[in-house]
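I opened the notebook to keep track of what I looked up in one structure.

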Amino acid sequence: MDKIVMVDLHTQYQRIKGEIDEAIQQVLNTSAFIQGPQVQQFAEALATYNDVDFVIPCANGTDALQIAMMALEYKPGDEIVLPVHTYVATAEVIALLGLTPVFTEVDPDTFNIDPNQIQEKITPCTRAIVPVHLYGQCADMEAILAIAKRNNLDVIEDTAQALGAIYTFSDGRKMRAGTMGTIGTTSFFPSKNLGCYGDGGALLTRDSKLAEKLKMIANHGQRIKYHHDIIGINSRLDTLQAAILRVKLNYLDEYISARNAVANFYDQKLSSIEGLQRPQRSRQSTHVFHQYTLRISNNRRDELKTFLEKREIPSMIYYPVPLHLQKAYRRKGVEEGAFPITETLSAEVISLPIHTEMSEDQLLFIANSIKEFFN
Ligand SMILES: *Cc1c(COP(=O)(O)O)cnc(C)c1O
């Protein structure tokens with residue numbers, strides 16, 4: 001059996017090496033390393049995939065969030081509602097722009113922001129809700145969009161972990177993650193479901209004016225070279241990365257299926273274990289399983305992690321310290337106990353290896369090891 005890893009980017013590359021190498025060689029041949037034609041070609045292909053009008057590539061998923069908030073012209077003091085159980089990037093850009101992150105509790109089963117907790121967080125200063133489609137499954141967008149509409153708020157979907165997920169509204173309409181709100185943001189960090197071979201990111205929107213502005217902000221606030229109409233940043237997707245992504249986008253659905261096959265295997269093998277909760281599927285959203293995340297109760301999570309480590313089975317904790325208890329994001333009066341669900345999740349979650357290249361014997365070994373731990 002091959003060594004088990006959290007993400008096997010090497011084998012994944014080997015399977016499409018011919019196409020990738022050719023795409024890279026083409027960029028090298030023309031040497032248009034910045035804003036080569038592959039960048040726009042990839043943007044158009046991703047827009048088609050997501051059935052959205054505009055895709056604006058940028059340097060990474062964190063920048064995408066920042067560019068979105070710059071384009072929507074939030075001012076210091078404005079409040080942005082986001083889940084407290086998320087990756088730091090979501091809160092980071094809010095704080096960086098002088099805005100106030102307003103942490104909100106999540107649903108203990110789907111791990112996504114709990115819409116029932118949003119309304120009470122809204123004040124006259126609130127400008128936006130930033131749902132994060134965590135671990136690969138869409139947040140409850142129908143409820144979130146209704147709250148946003150009622151309160152005249154923007155919705156910025158952090159889709160870094162859920163590109164390709166499909167949400168079904170109660171009237172039967174289906175939409176891809178990142179295309180339902182005002183702006184969607186995503187990341188092509190190598191381990192994401194659609195990953196490049198370095199850093200990369202993108203913004204998605206249906207609004208043509210906003211698209212133009214996002215594009216300008218990502219490029220020093222200029223439409224015409226050396227004419228800077230607004231303050232921007234330097235955030236580009238490299239041509240090489242765009243060329244790689246253009247190849248890999250053709251495999252995204254296959255990758256999502258492979259991840260779902262792994263999840264289904266774990267689901268089946270890990271059923272009815274006392275003290276272990278498998279990931280719960282939302283009724284409205286498909287799951288692209290960026291992570292397969294268990295909850296382990298009775299204070300046994302760390303013990304399980306060590307047990308697996310001894311068998312050379314890696315696992316990860318996303319995330320071990322809730323944002324409201326992080327030194328950089330602590331606020332007076334928001335102490336331990338402020339977000340009990342998220343605090344419990346930080347102590348209970350554990351993500352198992354899941355990627356596109358897992359073999360049946362690896363999966364069986366992982367599942368049997370977990371069963372043994374609980375026996
Ligand atoms: C990965 C990730 C980001 C940031 O993406 P980068 O490309 O690493 O900047 C933002 N939000 C979430 C939820 C992520 O998982």
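The entries below go from the domains to the salt bridges and then to one helix.

**Entry 1: the domains.** I noted at the start that this is a predicted model. I looked up the domain assignment, which gives domain 1 as residues 9-249 and domain 2 as residues 252-374. I then took the distance between their C-alpha centres, and it is 24 Å. The contact draws 44 residues from domain 1 and 34 residues from domain 2.

**Entry 2: the interface.** How much area do domain 1 and domain 2 bury between them? I found about 3600 Å², with 57% of it on carbon and sulfur atoms. On the side of domain 1, Tyr135, Gln137 and Asn193 lose the most area to domain 2, and together they make up 20% of what that side buries. I also looked up the polar contacts and wrote down 22 residue pairs between the two domains, both residues at pLDDT 80 or more. The elements α1 (9-15), α5, β3, β6 (166-168) and α8 (239-249) each supply at least two residues of the domain 1 side that touches domain 2. Sorted by class, that side has 22 nonpolar, 14 polar and 8 charged residues.

**Entry 3: a salt bridge of Arg15.** I counted salt bridges next, and the structure holds 15. Across the interface of domain 1 and domain 2 the rule finds 2. Arg15 forms a salt bridge with Glu357, and their closest N and O atoms are 2.8 Å apart. Arg15 is in helix α1, while Glu357 is in the loop between β14 (349-352) and α12 (360-374), 342 residues apart. Are these two residues buried or exposed? Arg15 is partly exposed, with a relative accessible area of 47%. Glu357 counts as buried because its relative accessibility is 15%, and the cut-off for buried is under 20%. I also noted that Arg15, Glu254 and Glu357 are linked in a network of salt bridges.

**Entry 4: Lys213.** I went to helix α7 (residues 208-218), where Lys213 sits. Which residues does Lys213 contact, leaving aside neighbours within four places in sequence? The list is Ala71, Glu73 and Ile230. Its side chain reaches the backbone oxygen of Ala71 at 3.0 Å. The side chains of Glu73 and Lys213 meet in a salt bridge, 2.5 Å from N to O. Glu73 lies in the loop between α4 and β2 and Lys213 in α7, so this pair ties together parts 140 residues apart in sequence. Glu73 counts as partly exposed, at 43% relative accessibility.

**Entry 5: another pair from α7.** The side chains of Glu212 and Arg223 meet in a salt bridge at 3.1 Å, N to O. Glu212 is in helix α7 and Arg223 in strand β10 (residues 222-224), 11 residues apart. Glu212 is partly exposed at 34% relative accessibility, whereas Arg223 counts as exposed at 52%.

**Entry 6: helix α5.** Which residues of helix α5 (residues 88-96) are buried? I wrote down Ala89, Thr90, Ala91, Val93 and Ile94. These buried residues pack against α4 (61-71), β2 (79-83), β3 (100-104) and β5 (154-158). Just after α5, Gly98 takes a positive phi of about 80°.

Conventions:
Residues numbered from 1 in each chain as written. Predicted model: local features only at pLDDT ≥ 70, side-chain atom pairs only at ≥ 80, totals over all residues. Heavy atoms only, no water. Buried < 20%, exposed > 50% of the residue type's maximum accessible area, 1.4 Å probe, protein only. Helix = DSSP H or I, 4+ residues; strand = E, 2+ residues; numbered from the N terminus. Contact = heavy atoms within 4.5 Å. Domains from an automatic or database assignment. Buried area = accessible area lost by both parts, 1.4 Å probe. Salt bridge = Lys/Arg side-chain N within 4 Å of Asp/Glu carboxyl O. Polar contact = N/O pair within 3.5 Å; in protein donor to acceptor, adjacent residues only side chain to side chain. Nonpolar A, V, L, I, M, F, W, Y, C, P; charged D, E, K, R; others polar.
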